[in-house]
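Welcome! Let us take a walk through this structure together, one stop at a time.

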Amino acid sequence: MASLRYVAGQSKIDALWKQVLDTFKWTQAGTVHYDEEKFASMKRQVDNLTAEDISLEDSLAEMRLHEGFKNEEAVGSIQICNSDVATMQVFVLHKDQHMPIHDHPNMIGILKVIKGCVRVNSYTLIGNGSQKPGCAIVTTKKQTVEVCKGDPACVLTPSERNYHSIVALNGEAAFLDVLSPPYFTNMPGHELNVCNYYKEVNETEGFNGGDVVRLQTIPPPEDYWTVKGNYRGPEVQRFSPSHRNSLQ
Ligand SMILES: [Fe+2]
């Protein structure tokens, strides 16, 4: 079965979260596996999600009272749901505000713009990514995309477009992030998947038909910080069985 049965009266966000939990499963090997058909069904649900479906403006009204957000210094973040296998969160950027280049180690991510427009720069690691401390990694810079509300979601995987930066265009922008597994998950054989930040250090043309770009890790940028807001949308069933107790 590709998707869960829709329950009359169930909100779109509740149905999406159930589909997320049905899609991503832990394996005995300590990695997250997903069924392609279930993923496609989940992606369609994400593509159809709007700001109204999660009452974004109600959450934002509260967030706008926070000095850091009101002064357009901080990025807004609203956690909708979290489990050991996945997380759903909304980020709100002010006009021209940047989310610096960062990674999603061994994670799958879906980014759906629900308000305004953003420009996304993505990078794919070349090679196995073995990285000596202090040395830059080599990536292929993907074509920059501008994504607006109403457009389909962007997808990143452990091996494709795992590094990206995001900037809000024309005005305030908001996007939903579905990530599996969440950051700070212990995965056997891997380092803890903390979020690392990067800067471009040089660029040369013409490798594999794209641009080869070196990314150097940097400390978390001091001018990038978030204000947490409360989720004020329709109720989402927060209970989920422990996916690590029902391994595939
Ligand atoms: Fe990201």
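In which loop does Arg-161 lie? Arg-161 sits in the loop between strand E9 (154-156) and E10; helices (H or I, at least four residues) and strands (E, at least two) are DSSP runs, numbered from the N terminus. Before going further, note that this is a predicted model, in which local features need pLDDT of at least 70 and side-chain atom pairs count only at pLDDT 80 or more, while totals for chains, interfaces and linings use all residues. Residues are numbered from 1 along each chain as its sequence is written.

Arg-161 has a positive phi of about 55° although it is not a glycine. Is Arg-161 buried or exposed? It counts as buried because it has 22 C-beta neighbours inside 10 Å. The cut-offs are these: a residue is buried if 20 or more other C-beta atoms lie within 10 Å of its own, exposed if 12 or fewer, and partly exposed in between, with C-beta atoms placed from the backbone.

You will find Phe-184 in the loop between E10 and strand E11 (197-207). Leaving aside neighbours within four places in sequence, Phe-184 is in contact (C-beta atoms, placed from the backbone, within 7 Å) with Leu-192, Asn-193 and Val-194.

Now step back to the whole chain. Its secondary structure comes to four helices and 13 strands, and 32% of its 248 residues count as buried.

Next comes the inside. In soluble globular proteins, nonpolar side chains tend to be buried together. A nonpolar core here is a set of buried Ala, Val, Leu, Ile, Met, Phe, Trp, Tyr and Cys residues joined through C-beta atoms within 7 Å. The largest one has 46 residues, of which Val-20, Ile-80, Val-90, Val-118, Phe-175 and Val-178 touch the most other members. E10 gives this core its largest share, eight residues.

Last, look at helix H3 (residues 56-63), whose buried residues are Leu-56, Ser-59, Leu-60 and Met-63. Seen down the axis of H3, they fall within an arc of 100° (taken from the directions from the helix axis to the C-beta atoms), so they line one face of the helix. Among the elements that these residues pack against are helix H4 (67-70) and strand E3 (75-82).

Note on methods. Two residues are in contact if their C-beta atoms, placed from the backbone, lie within 7 Å.
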